[in-house]
Amino acid sequence: MTEYKSFSLHNFREIPQMEYLTEEQRFNIEVVGTVLPFKTNNYVVDELIDWRNFEDDPFFILNFPQKEMLDEDSFNTVALLLKSSASKKEVQEAVRKIRLKLNPNPAGQESNVPVFQDERLNGIQHKYRETMLFFPTQGQTCHAYCTFCFRWPQFALNEFKFAMKESDTLIQYLKANPQITDVLFTGGDPAVMKTRFFETYFNALLDADIPNLKNIRIGTKSLAYWPYRYTTDDDADDLIDLFRKVKSKGISVALMAHFNHPGELKTAAVKEAVKRLISAGVQIRSQSPVLRHINNNADIWAENWKAQVKLGIIPYYMFIARDTGAQDYFAVPLNQTWQIFRNAYNQVSGICRTVKGPSMSCSPGKIQIVGVSEVKGEKVFVLTFLQGRDPSWVGKPFFARYNPDAIWIDDLEPAFDEPKFFFEDSYCEMLA
Ligand SMILES: *Cc1c(COP(=O)(O)O)cnc(C)c1O
Ligand code: SF4
């Protein structure tokens, strides 16, 4: 059994491989890690990162804060405070101001929290008709933190805004909404939960016998950050047995696995974990955003999809990096992201082409960049909804004026001098 060792701001200097870094590089981690959440572990450090070339290593960049993730002013402010041994309060105040500039609540997640029997259900988000998100209280952290994460405020600001302890409310909500077929456990990373918590939630769902519930999904990065969760951890066998049991009761279990790079699929531990899950009847689907410095290259994506399919994983979503946190560091323009998608999709056989995207998860829905084209002499982005707050928007093509620098929906305007996109009126009505 491999014991889990976690590293964060207070103890990262104990990582033996830190000797590869200069003192300045270690200090930079401290500065940026004071603003953005920082956490890694012994699996990432020992099995994923190639320390001989750490400066360009995708997994180093994925977990260790980089100087360029903050703008120069913010970086210098914090660096100066730390060097002058400023009081904790002074540092916190400066950090708070910087964080607020980093769009801590993207895509209007607040508006997804349902009101049910006159109460706001804080552990639930319900945006798309068939699928509700459930945020179990015990699953609101992760085995390591991604430097690009859009959930960063909940780690950094310690506001576990969307968490819920009770399965009762979950069950009542599911019964009252028969259009829901899928419950997606999310976080943080629900797979940090001990098996006994999974048992509590899943057994409650099974006992409640909810005819509309067809799929239990778990959104998780654990296969990439801590595959031992499914192999040698104390309660790994129990978790696998639990998944098998749920499946045998006619409800499918799907792991929505987060893989950013084919290197995450290469270790013996991850291969073993995938094998065990699949033999228990669990479907594994994969998703990732396109990230500069990590995977903004079509060949990496093609390799990733091929490696996944070889292990039995189904490629599912390619996302566009969200407009939050260190977005400037990771952002890839929409046009380039689409090129990456296309050039990767071109290289693989049909069984890898289950992937959808590239897709922007923004407040109205998941918007796919279908491509760049020319209509009536105007260069345009062709877009469509893969998911919408209103399901009738899905699959309908629409057009935005081409803009090579656009990185997010906010940068787009309707093509053909139209005053607004087709969904805007009904979207505004929904939010009102
Ligand atoms: C992506 C997402 C889902 C799941 O959508 P699928 O297309 O069914 O995978 C559900 N809720 C929210 C808020 C999402 O962003
Ligand atoms: S594992 Fe997921 S939720 Fe956790 S830090 Fe990474 S992207 Fe965010």
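**Exercise 1.** Determine whether Ser 85 is buried, partly exposed or exposed.

*Solution.* First, the classes are set: buried is under 20% relative accessible area, exposed is over 50%, and partly exposed lies in between (1.4 Å probe, protein chains only). Next, Ser 85 has 63% relative accessibility and therefore counts as exposed. Finally, Ser 85 is not a glycine, yet its phi is positive, at about 50 degrees.

The structure is a predicted model, in which local features need pLDDT of at least 70, side-chain atom pairs count only at pLDDT 80 or more, and totals for chains, interfaces and linings use all residues. Residues are numbered from 1 along each chain as its sequence is written, chains are lettered from A and ligands numbered from 1 in the order in which they are written, and side-chain values use heavy atoms, with hydrogens and water left out.

**Exercise 2.** Classify Phe 416 by its accessibility.

*Solution.* The relative accessible area of Phe 416 is 25%, so this residue is partly exposed. Phe 416, also not a glycine, has a positive phi of about 60 degrees.

**Exercise 3.** State which residues come nearest to ligand 2, and divide its shell by class.

*Solution.* A residue is near a molecule or strand if one of its heavy atoms lies within 4 Å of it. Of the 8 residues around ligand 2, the nearest are Cys 142, Cys 146, Cys 149, Lys 221 and His 258. Ala, Val, Leu, Ile, Met, Phe, Trp, Tyr, Cys and Pro count as nonpolar, Asp, Glu, Lys and Arg as charged, and the others, Gly among them, as polar. The shell accordingly holds 5 nonpolar, 2 polar and 1 charged residues.

**Exercise 4.** Identify the peptide bond that is cis at Gly 188.

*Solution.* The cis bond runs from Gly 187 to Gly 188, with omega near 15 degrees.
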